[in-house]
Amino acid sequence: MIPRLRRASTFAAVAAIAVLAPALDTAAAVPFFAVAGAAFFGVRDGEWFETLALPGDREAERLYGLVSFALAGAGLALFASLPRAPLPYEAFAAATLAVGAGRLGRTLVSRRTADEFPLVAGYVVAGTAAALAGQIAVRLQTGAPVDGATLPVAVFFAAAAALTAALVRSLVFSRDAHITTILVGFVTWGFIALDPTVDAPLVVAGLAVTGALGYVSFAIGTASVAGMLTGVVSALLAVVLGGVGWFLTLMSFYAFGGLASKYRFDEKAARGVAQENEGARGTGNVLANSAVALAAVVGYAVAPHLAVPAAPFGFAFAGATATAMADTLSSEIGGLYDGPRLVTTLRRVEPGTDGAITWQGELAGLAGALLVGALAAGGSPLISPVVAGGVAAGGAVVAAGVTGMTVDSLLGALIEGDRVGNQSVNFLATLAGAVVAVALWAVV
């Protein structure tokens, strides 16, 4: 355990060099290149080699893991220090420290438990704290304000960086910290470019609620670790970039969709219609159902900067979410009943056939679309609606959800198979729901 802790501490120390970037200016990449050179040429064996070596390094007799991480830091430093590639210093520091300190946090937690959720939590908490500290250090060097107006935004950037790093790490090998660092750097750059307005209570509540719901989804088996992290990132973006109404609308799908996949699971498994992986949804499944909605959230945040109306993005978000909810409930509930019929011919087919529907499933899908429509258009004195227009707007969302659900069934019957998978069909269906919602907004 001690060698692992030393290794993680070394990665964190290398990451911490990023906070010196404003002072080093155009030479910000030099320390990272120095670390990479020293690790590659100077440490070939001995105690330090054994301590710092990642899986595969010993066979190659080179510290490729540490070298790659240092070179990734050097690359981001160049983007941050060269005049024509203005990666913000805050994004550079947040990305490297989220990965380096996150690794250290996970290692520290692993000394007490091998359970995956505490390990991920240790990664995210340590990564967030270090990314926040890195941003503050950078702002102090550059003379940028550090006050009650800027700290909530910095916390959001730090949490987003750490969660993204944990998500990417769950999808690649642990030795691929360089890939994680680069991806997180550019993702954080994108968030900073959005220049979101963040208030402290909202970001604190958003982090607390999304973290708690993420734990519940993992604990009851409705999401894998990667799926849980994808859902948490998505929910955090929805509440910060959209608002509470957007968050509640999206969470309704995650909550009811996850519970529906576990409802009478053994019976569905016996019938051959159960969700794979014991009903735990992974990143691909979550993104297939949420990618269009998340793109709409980002579009909503970008709209003021481009002087374009924001309302269509709200309808696209609600339409895509209503489709995902309707389709999930339709398949998970409808799969429990006999006598399914193919949507294109209405002839009876075996349960689990792509494109098969039951009237019970259609009713469940309609109920799901109605719920999303009510949440998206409802609003209250404290919660702004996702779509303005009252009952008419809610009706447009419901119609879009039912249409998208039907498109999913049609695509399942017509093209789903070896070449086109279920996740691609889900994505196309949510895209159709978003398009229908925007079209109805334009007409109404």
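User: Which residues line the second largest cavity?

Analyst: The model is predicted. In it, the lining of the second largest cavity consists of Gln135, Ile136, Arg139, Pro145, Val146, Thr150, Leu151 and Ala154. The volume of this cavity is about 40 Å³, and the structure holds two cavities of 30 Å³ or more.

User: Which helix gives the most to that lining?

Analyst: Helix α8 does, with three residues. Both α8 (116-142) and α9 (151-171) supply at least two lining residues each.

User: How do the lining residues divide into nonpolar, polar and charged?

Analyst: Five are nonpolar, two are polar and one is charged. Arg counts as charged, and Arg139 is among the lining residues.

User: What makes Arg139 and Glu90 a salt bridge?

Analyst: The cut-off is 4 Å between a side-chain nitrogen of Lys or Arg and a carboxyl oxygen of Asp or Glu. The closest N and O atoms of Arg139 and Glu90 are 3.3 Å apart, so the pair is a salt bridge. Arg139 belongs to helix α8 and Glu90 to helix α7 (residues 89-110), so the bridge ties together parts 49 residues apart in sequence. Both residues are buried.

User: How many salt bridges does the structure hold?

Analyst: Three. Another of them joins Glu47 and Arg6, with 3.3 Å between the closest N and O atoms. Because Glu47 is in helix α4 (residues 46-52) and Arg6 in helix α1 (residues 2-16), this pair ties together parts 41 residues apart in sequence.

User: Where do Arg106 and Glu116 lie?

Analyst: Arg106 and Glu116 form a salt bridge, their closest N and O atoms being 3.3 Å apart. Arg106 is in helix α7 and Glu116 in helix α8, ten residues apart. Arg106 has a relative accessible area of 16%, under the 20% limit, so Arg106 is buried. Glu116, at 29%, is partly exposed.

User: How do you know whether Thr188 is buried or exposed?

Analyst: Its relative accessible area is 2%, and buried means under 20%, so Thr188 is buried. Thr188 lies in helix α10 (residues 177-194). Apart from neighbours within four places in sequence, Thr188 is in contact with Ala91, Ala94 and Ala161.

Technical notes:
Residues numbered from 1 in each chain as written. Predicted model: local features only at pLDDT ≥ 70, side-chain atom pairs only at ≥ 80, totals over all residues. Heavy atoms only, no water. Helix = DSSP H or I, 4+ residues; strand = E, 2+ residues; numbered from the N terminus. Buried < 20%, exposed > 50% of the residue type's maximum accessible area, 1.4 Å probe, protein only. Contact = heavy atoms within 4.5 Å. 1 Å grid on protein atoms, 1.4 Å probe; cavity = no way out; pocket = protein on both sides within 12 Å on 5 of 7 lines; lining within 4 Å. Points joined across faces, edges and corners; volume = space filled by probe spheres on them.
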